[in-house]
Number of protein chains: 2
Amino acid sequence: MRFTSETSSDGVREQLFVLDDVPGALWTPAADAAGPRPLILMGHGGGQHKKAPDITRRAHRFVTECGFAVVAADVPGHGDRPPHEEYDRVASENQARVAAGAELAPLIAEFQALVARRTVPEWQAVLDAVQRLGHVGAGPVGYWGVSLGCGLGVPFVAAEPRVRAAVLGLGGASASSSAENAALITVPVEFLVQWDDERVPREQGLALFDALASFEKTLHANPGKHGDLPEFELDSTVRFFSRHLRLT
Amino acid sequence: MRFTSETSSDGVREQLFVLDDVPGALWTPAADAAGPRPLILMGHGGGQHKKAPDITRRAHRFVTECGFAVVAADVPGHGDRPPHEEYDRVASENQARVAAGAELAPLIAEFQALVARRTVPEWQAVLDAVQRLGHVGAGPVGYWGVSLGCGLGVPFVAAEPRVRAAVLGLGGASASSSAENAALITVPVEFLVQWDDERVPREQGLALFDALASFEKTLHANPGKHGDLPEFELDSTVRFFSRHLRLT
């Protein structure tokens, strides 16, 4: 793990790093050096990156309001990572299939399952490395990710026992692998659905929520399109993680 | 309006009253006499009454945490009101129909629409009377009601312009009157669905949420049966009303 930059603003210390070939960003409280503290891993959306505005804005709130550490990494083919030939080829083929009349949602889900086979071990390595840092430590872990971050997050949360609570959503159960992985998730989940989502059919979002095996899971649905998550849901997310990620 | 008793506990003043033939309960902050303040009208569940434990518990939180006034009245045939011959007859007929194989949900919805023709004007009269009291005053009004309180609440909120925000749920759109009234509701709504509700089919709860015309509406669905609302939803309700019922 190699740190490439460090800045501080508004009480938040931001460190950019590279772990093997994965670029990431780590946010921690600027004033409080000692771990362990809860850590949230955030998965960014399609076409976005580790420092996309909706990632950094949430990261700052988790740090300043909860005292958590937050980490995000670029997904292959995104952010500071080079173009990924296989993914680009599959994406182009999918565009052609949709243009020829194929249904979009299952193609998205298949694509996300393909990418997840790489991101799950990458994110596990990021957790390993970040939790070895003195100002993070081995506290409880949360996961936050919607849209692509849900498609990649469901298999990650299913595979990673350190994750104790997850916010997921804007994703569907159209790939059978997605519902199968969801059935392996037993930690508390807050699941976000946009009622008029133009990318994820409503019944597939509801089906993915339904497939989660968690004893405590709560679905929050709001009017609006894929990108229109209301601001008050971030308040709810902050409280959800505060409730579930406590140092014992 | 005739007050029949007054007690105080834990910072909450409770006054029982009768308005015409409607018995009610009013809760206000014991220490703070001056209105106007926001007022929440609560509709109780079937077979319950104005002082049912889940009503008084919520009322105490709205008073102590928000400084609101809260009022609840017995529905005809419930609590301190005499048996209601017509409703009892319809209920018996419905039981017989269900025993003979009829679907339960539409019968419940029809029955609630029948009762609402009486409770809507009763509750409007309660609002009139309570808002004339010096320690309540004419502040913004909220409505809280699930199950029977949703079946009666949807037509009430649709008809009553003083209501600025409502928490509804555990009810469905099986009666066309319910969806029609929901389409007249434009205030912010927090809508509660129990994912494994044995009384309200899931798709009918979702359909009632869908029918609300509100620009801001948020669906919260949780695993469990009709009576199993999780405790953290009350926290959410407190915040929802705090956000929407402010004195201008």
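How many residues of chain A are in contact with residues of chain B? The count is 18 residues of chain A against 18 of chain B, where contact means heavy atoms within 4.5 Å.

## Basis

This is a predicted model: local features need pLDDT of at least 70, side-chain atom pairs count only at pLDDT 80 or more, and totals for chains, interfaces and linings use all residues. Residues are numbered from 1 along each chain as written, chains are lettered from A, and side-chain values use heavy atoms, without hydrogens and water.

## Interface of chains A and B

About 1600 Å² is buried between chain A and chain B. This is the accessible area (1.4 Å probe) lost on putting the two together, summed over both. Carbon and sulfur atoms give 59% of the buried area.

Two salt bridges cross the interface (Lys or Arg side-chain nitrogen within 4 Å of an Asp or Glu carboxyl oxygen). D210(B) and R202(A) form a salt bridge at 3.4 Å, N to O.

In chain B, α1 (residues 53–66) packs on α8 (residues 232–244). Helices are DSSP runs (H or I, at least four residues), numbered from the N terminus. The angle is about 45° and the axes lie 11 Å apart. Axes are fitted to C-alpha atoms over the stretch in contact, with angles from 0 to 180 degrees between N-to-C directions.

In chain A, R61(A) and D235(A) form a salt bridge at 2.9 Å, N to O. R61(A) lies in α1 and D235(A) in α8 of chain A, so the pair ties together parts 174 residues apart in sequence.

Definitions and conventions: Helices (H or I, at least four residues) and strands (E, at least two) are DSSP runs, numbered from the N terminus.
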